[in-house]
Amino acid sequence: MKLFDLTGRTALVTGGTRGLGEAMADGLASAGANVVVLSRKEAEARATAERIQTERGTKALGLGADVTSSSDVDRVVAATLERFGAIDILINNAGINIRGPIDELSYEQFKQVHDINVDGLWLMSRAVVPHMKSRSGAGGLGRIVNVASTLGMVGLANRTPYASSKGAVVQMTRALALELAPWNITVNAICPGPFLTEMNIPIADSEDARKNIIGAVALNRWGRLEEIQGAAIYLSSPAASYTTGSLLVVDGGWTAR
């Protein structure tokens, strides 16, 4: 189990105050990591960090930031380094979903999804890479975990902004894995299927969800938030030292059909 031990490591989790992001931050803390949770709402980030620190006994920090702002991203990376001295793990989780037929969506809505889901991930990765490179071979772990989606692998109607953004995350994961391999920095993606997050609650009881989502899942249910934690811990840990450029699908068997 020492391969999964993150004691003394520091993880930076974007979108870390709710849903899968909060679950992953909590999971990494349970494995011993210090965690920094980011949210556009600083009060929520601080409250989440305080809860994790109290319940898990590890150090935690909550920061307010907009991942689409280069200056915000640089600020939170600097604050994390000042507080903990290192960033071993980056979990790029921040994301949004705007659904609808293409002819009923605005270009601004399409851009909004890509700005957060793609540009924000790129900016966060760019900001931590120099630090991770500098610690390569000197005790640094070097883990970037991107939260993609099964919709980065297969299609679903009325999801053009989200599906195209997550397809970009899949390809960025692969390209960055090749780029950073010389420094032993691994880059992987988790592809969650249908989890009952706040993002999905509005459609949970819809006919579309019953037919195309839950009805198509082999396990015939929504995923529970804690069921993402094992994947996040593995890809963030020393156990994943020979895993890079990969997609870890956690979808209850949805894409197996």
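Helix 7 is largely enclosed by the rest of the structure, because six of its eight residues are buried (buried means under 20% relative accessible area, exposed over 50%, partly exposed in between, with a 1.4 Å probe and protein chains only). Those buried residues are Gln229, Ala231, Ala232, Ile233, Leu235 and Ser236. Their cover includes helix 1, strand 4, strand 5, strand 6 (186–192) and strand 7.

Before going further, some housekeeping. This is a predicted model, where local features need pLDDT of at least 70 and side-chain atom pairs count only at pLDDT 80 or more, while totals for chains, interfaces and linings use all residues. Residues are numbered from 1 along each chain as its sequence is written, and side-chain values use heavy atoms, with hydrogens and water left out. Helices (H or I, at least four residues) and strands (E, at least two) are DSSP runs, numbered from the N terminus.

**Helix 1 against helix 7**

The axes of helix 1 (residues 19–30) and helix 7 (residues 229–236) come within 9 Å and cross at roughly 55°. That makes helix 1 oblique to helix 7 (angles under 35 degrees count as roughly parallel, over 145 as roughly antiparallel, 65 to 115 as roughly perpendicular and the rest as oblique). Axes here are lines fitted to C-alpha atoms, for helices over the stretch in contact, and angles run from 0 to 180 degrees between N-to-C directions. The crossing of the two helices, helix 1 and helix 7, is right-handed, meaning the near helix is turned clockwise from the far one by less than a right angle.

Who does the touching? Helix 1 brings Ala23, Met24, Asp26, Gly27, Leu28 and Ser30, and helix 7 answers with Gln229, Ala232, Ile233 and Ser236; contact means heavy atoms within 4.5 Å. By type, the residues of this contact split into five nonpolar, four polar and one charged (Ala, Val, Leu, Ile, Met, Phe, Trp, Tyr, Cys and Pro count as nonpolar, Asp, Glu, Lys and Arg as charged, and the others, Gly among them, as polar).

Seven strands make up an open sheet with parallel pairing, in the order 3-2-1-4-5-6-7; two strands pair if DSSP finds at least two bridges between them. Strand 3 (60–64) and strand 7 (247–250) are the edges, each pairing on one side only. On average, neighbouring strands of this sheet are turned by 15° against each other, direction ignored.

Strand 4 (residues 89–92) and strand 5 (residues 143–147) run parallel and are joined by four bridges, with Asn92 opposite Asn146 in strand 5.

| Helix | Strands touched | Direction |
|---|---|---|
| Helix 2 (residues 42–56) | strand 2 (34–39), strand 3 | about 175° with strand 3 |
| Helix 4 (residues 107–134) | strand 1 (10–13), strand 2, strand 4, strand 5 | about 175° with strand 4 |

Strand 1 pairs with strand 2 in the parallel sense over four bridges, and the bridge partner of Val13 in strand 2 is Val37. In a regular strand the side chains alternate between the two faces of the sheet. Strand 1 is covered on both faces: Thr10 and Leu12 on one side, and Ala11 and Val13 on the other, are all buried.

**Two asparagines in loops**

Most residues other than glycine have a negative phi. Asn184 is not a glycine, yet it has a positive phi of about 60°. Asn184 lies in the loop between helix 5 (160–180) and strand 6, and counts as exposed at 59% relative accessibility. Asn220, also not a glycine, has a positive phi of about 60°. Asn220 belongs to the loop between helix 6 (207–213) and helix 7, and is exposed with a relative accessible area of 53%.
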